[in-house]
There are 2 protein chains.
Amino acid sequence: MKALVTGGAGFIGSHLVDRLLQEGQSVITFDNFSTGQRQFLEKAQTNDRFELVEGDLIYEEQIEAAMFGVDFVWHLAANADVRFGTDRPRRDLEQNTIVTANVLEAMRKNKVRGIAFSSTGSVYGEASVIPTPEDCPMPVQTSLYGASKLACEGMISAYCEGFDMQAWIFRFVSILGERYTHGHIFDFYCRLLNDPDHLHILGNGKQRKSYLYIHDCLNAMFKAIEVAPDAVNVLNLGTDEYVEVNDSVDLITDHLELKPKRSYAGGERGWIGDNPFIFLKCDRMRSLGWLPEHSIHDGILKTLKWLEQNHWVLAARK
Amino acid sequence: MKALVTGGAGFIGSHLVDRLLQEGQSVITFDNFSTGQRQFLEKAQTNDRFELVEGDLIYEEQIEAAMFGVDFVWHLAANADVRFGTDRPRRDLEQNTIVTANVLEAMRKNKVRGIAFSSTGSVYGEASVIPTPEDCPMPVQTSLYGASKLACEGMISAYCEGFDMQAWIFRFVSILGERYTHGHIFDFYCRLLNDPDHLHILGNGKQRKSYLYIHDCLNAMFKAIEVAPDAVNVLNLGTDEYVEVNDSVDLITDHLELKPKRSYAGGERGWIGDNPFIFLKCDRMRSLGWLPEHSIHDGILKTLKWLEQNHWVLAARK
């Protein structure tokens, strides 16, 4: 079995590469190192079944060449920053939508039939049903990030129909754990390191967010691909919990033994397109025989411990 | 009021241009004439408030320049052929998704705040609820065409959230009437003209389809923009009817006084990604005070009569 992992040097991707190698598969890791880290592949690079292709998915010919002889694609590469950049509104179109079209074309040309895709709970916009199931009423998109991921889901599904492919589309909550390099917890940690006495919080701090620990996430993906049989399998991935941003901050400051003065930007949303309440119904994934082993609390603490031991990543991600 | 109509030389676009001029607006018609017809603009071109810009939306700078001073955008330009082209799987991405991103960027840069968009009932894939309401369960896409239109809807909605715009997104059934230049009725008419004794039908002929007459469609759009108040207004547009493909064929052959021998490609679907049953619930549009004035039967006959008097279009569309 030969797998190709796009974004294989990223947070989730590099863990996936390690896991695939551990399970005896050959792995082509495709990454442009725009946010991926070479250090995350240190262990993988000692394995004979590991191959690194440095390339950019925006160039279809690069991914088409890399996909020769591949059996299965894990498409994780993306702009993963949900925050709406009025300065760069085309970024999600280019790095998510167009890039995914390139991956699909490369698959078609190389006759690769299976794909796992990292989508997001952001496709639900501000969901009308919470906890939100996969078949909730068609939502209105509130972020270009969510819109681009939904565009990817649509293309993947249409390729499954048109070219006899099979897809597992995972709508993630935020993922936490070792090698975590962006998002709330990362930002708060960095800011507290800079200024232990003050912490500025976007929104009113009452936004409710969901998180999942990286190895629970990987367990779910492997389980789904093993047992979910449809041509297009859409699966929410999260825990049965959520936390307020203020509670996450409590956990972080308690762990760091800090008592910063908090200030708030105000408003229900942290930024334009932010969702004040993300909580996914994960019954479909549960019914396949998967259970998360770590609480959000566990995930945050594991993340903090890893960040404390890996300060190099703070500089690398600036 | 200065309107810009993309695809203004097309079937729906050119009727819209005529109507906008009739209502006293100034109209910039943007078209690349890939499928649009100069003859459709003959009447419009005699009006001082009409301006034609020949350009291609794939070049953002062209649409950005054309949008200077515009108050409202009607974005109708698209690849409108839902049939899945295994030979050209990127067409919908380019001509629908990327082009719409360009239109939105041009609007943002020119501070244009309002957009009407021609989406499609194809975004519902093979809907689990029929008649299908706008807030049906999130569907699985079955055509790249539907997927690309859903991608457009998502970007438009996210721009409304991010850049304080207002959008009216219309999910059309197939539109019929004068200047109709593609689709079932057009194809059947052309084939019967070529060979009055035989008619080959894709699928088993039992596919159930919905149609709406062009002027009912325009009335609905104008009504919605006048009274639907949300930042993002998503509206199905159709009649409360559907017809079997075989029934459409009966109507056509009766009108033409032909008795062709019918043959069938077979299968429930006319092509990969075809939807065997399209029937939209249009209560939302009805509740705004709109009613279609023409039945599907009327629409088909008006279309046939126009085609009979305009054989030039058969050659032009080949």
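Me: At roughly what angle do the axes of α4(A) and helix α4 (residues 144-163) of chain B cross?

Reply: This is a predicted model. In it, the two axes cross at roughly 175°. They come within 8 Å.

Me: What does that make α4(A) relative to α4(B), and why?

Reply: Angles over 145 degrees count as roughly antiparallel. The crossing is roughly 175°. Therefore α4(A) is roughly antiparallel to α4(B).

Me: Which residues make the contact of α4(A) with α4(B)?

Reply: On α4(A), they include Leu144(A), Ala147(A), Leu150(A) and Gly154(A). On α4(B), Leu144(B), Ala147(B), Leu150(B) and Gly154(B) are among them. Split by class, the residues of this contact are 12 nonpolar, 6 polar and no charged.

Me: How many residues of chain A are in contact with chain B?

Reply: 30 residues of chain A touch 30 residues of chain B. A contact here requires C-beta atoms that lie within 7 Å. Two elements of chain A each give two or more residues to this side: α3 (91-110) and α4 (144-163). The largest share, 10 residues, comes from α4(A). By class, this side of chain A has 16 nonpolar, 9 polar and 5 charged residues.

Me: What is the order of the strands in the open sheet of chain A?

Reply: The order is β3-β2-β1-β4-β5-β6-β11, which is 7 strands with parallel pairing.

Me: Why are β3 (50-54) and β11 (232-237) of chain A said to stand at the edges?

Reply: Each has a single partner strand, so one side of each has no neighbour in the sheet. From one strand to the next, the twist averages 15°.

Me: What makes β4 and β5 of chain A a pair?

Reply: Pairing needs at least two bridges. Strand β4 (residues 72-75) and strand β5 (residues 114-120) of chain A are joined by 4 bridges, so they count as a pair. They run parallel. Val73(A) has Ile115(A) of β5(A) opposite. Helix α4(A) packs on this sheet and touches β5, β6 (166-172) and β11 of chain A. Its direction makes about 160° with that of β5(A).

Me: How many strands form the open sheet in chain B, and in what order?

Reply: There are 7 strands, ordered β3-β2-β1-β4-β5-β6-β11, with parallel pairing. β3 (50-54) and β11 (232-237) of chain B are at the edges because each has a single partner strand. Neighbouring strands are turned by 15° on average, direction ignored.

Me: What makes β2 and β3 of chain B a pair?

Reply: At least two bridges are needed. Here 5 bridges join strand β2 (residues 26-31) of chain B to β3(B), so the pair qualifies. These strands run parallel. Phe50(B) in β3(B) is the bridge partner of Val27(B).

Me: Into which domains is chain A divided?

Reply: Domain 1 is 2-175 + 212-237, and domain 2 is 177-209 + 241-278 + 294-316. Their centres are 25 Å apart over C-alpha atoms. 23 residues of domain 1 are in contact with 20 residues of domain 2 in chain A. On the domain 1 side, α1 (11-22), β7 (174-176), β10 (211-213) and α6 (214-227) of chain A each give two or more residues.

Me: What kind of peptide bond joins Ile130(A) and Pro131(A)?

Reply: The bond is cis, with omega about 0°. Pro131(A) sits in the loop between β5 and α4 of chain A. In chain B, a cis peptide bond joins Ile130(B) and Pro131(B), again with omega about 0°. Pro131(B) lies in the loop between β5 (114-120) and α4 of chain B.

Me: What is the phi of Phe33(A) near?

Reply: It is near 55°, a positive value in a residue other than glycine. Most residues other than glycine have a negative phi. Phe33(A) is in the loop between β2 (26-31) and β3 of chain A.

Conventions: Residues numbered from 1 in each chain as written. Chains lettered and ligands numbered in written order. Predicted model: local features only at pLDDT ≥ 70, side-chain atom pairs only at ≥ 80, totals over all residues. Contact = placed C-beta atoms within 7 Å. Nonpolar A, V, L, I, M, F, W, Y, C, P; charged D, E, K, R; others polar. Axes fitted to C-alpha atoms, helices over the stretch in contact; angles between N-to-C directions. Domains from an automatic or database assignment. Parallel < 35°, antiparallel > 145°, perpendicular 65-115°, else oblique.
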